[in-house]
Amino acid sequence: MANENFSEDSLTSLAGFIGECACSNVRLVSRAITRMYDEAIEQTGLRITQLSVLATLQQMGSSTVSALADNLLLDRTTLSRNLKPLTRSGLIRVLVAEDSRSRAVSLTEEGQTILRQAMPLWRKAQVRVKEMLGEERIQGLVSDLTSGLRPI
């Protein structure tokens, strides 16, 4: 049996974890919503995580990898790994910055074009999610969860 190493108290705690763990449940919902957005923008060849990077870069203008990572709440290693396919696709440009200790990231013309193509598809997914969950509920959730987290 899968649970023979657990006491009755441990099993009760485990059931509580599965039902109550904010982190696990938010991640579960996040994966479901991510799938909806990924499907909506699939024809662009982007994933929603990549669209987020492109949109943030468009808003920030040229940025250092560190500043972009801070803005996206990602560590630099994760962001650098996520920038590679965008660089290979010609959507962004990563250059050594003026001080030579950091790298500057910017959108290319192709990146701006794909961003313009993706935004109407993103809007359709956004409408669908708002219809599913309700606009007030989403606004409250986003506000509650991001309060004080993002530098923009």
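**Entry 1: helix H4**

I began with helix H4, residues 65–72, where Val65, Leu68, Ala69, Asn71 and Leu72 are buried. They span an arc of only 160 degrees around the axis, so they sit on the same side of H4. I noted the general rule here. An α-helix has 3.6 residues a turn, so residues three or four places apart point the same way. I keep in mind that this is a predicted model.

What covers the buried residues of H4? I found that the cover includes helix H3 (48–60), strand E1 (63–64), helix H5 (76–88) and strand E3 (103–107).

I then looked just past the end of H4. Leu73 takes a positive phi there, about 60 degrees.

**Entry 2**

Next I looked at helix pairs. Two packed helices are described by the angle between their axes and the distance between the axes.

I took H4 and H5. Their axes come within 9 Å and cross at roughly 105 degrees. H4 and H5 are therefore roughly perpendicular to each other, since angles of 65 to 115 degrees count as such. On the H4 side, the contact is made by Val65, Ser66, Leu68, Ala69 and Leu72. On the H5 side, Arg76, Leu79, Ser80 and Leu83 make it.

**Entry 3: H3 against H5**

At what angle do H3 and H5 pack? I read about 90 degrees, with the axes 11 Å apart. H3 and H5 are therefore roughly perpendicular to each other. Gln50, Val53 and Leu54 of H3 meet Leu79, Leu83, Pro85 and Leu86 of H5.

**Entry 4: Asp38**

I moved to helix H2, residues 22–41, which holds Asp38. Is Asp38 buried or exposed? Its relative accessible area is 13%. The cut-off for buried is under 20%, so Asp38 is buried.

I checked what its side chain meets. A polar atom of the Asp38 side chain lies 2.7 Å from the backbone nitrogen of Ile48. Leaving aside neighbours within four places in sequence, Asp38 is in contact with Arg47 and Ile48.

**Entry 5: the cysteines**

How many disulfides does the structure hold? I found 0 disulfides. Cys21 is in no disulfide, and the nearest cysteine sulfur, that of Cys23, is 5.3 Å away. A disulfide needs the two sulfur atoms within 2.5 Å.

I also looked up the accessibility of Cys21. Its relative accessible area is 18%, so Cys21 is buried.

Methods:
Residues numbered from 1 in each chain as written. Predicted model: local features only at pLDDT ≥ 70, side-chain atom pairs only at ≥ 80, totals over all residues. Heavy atoms only, no water. Helix = DSSP H or I, 4+ residues; strand = E, 2+ residues; numbered from the N terminus. Buried < 20%, exposed > 50% of the residue type's maximum accessible area, 1.4 Å probe, protein only. Polar contact = N/O pair within 3.5 Å; in protein donor to acceptor, adjacent residues only side chain to side chain. Contact = heavy atoms within 4.5 Å. Arc of directions from axis to C-beta. Axes fitted to C-alpha atoms, helices over the stretch in contact; angles between N-to-C directions. Parallel < 35°, antiparallel > 145°, perpendicular 65-115°, else oblique.
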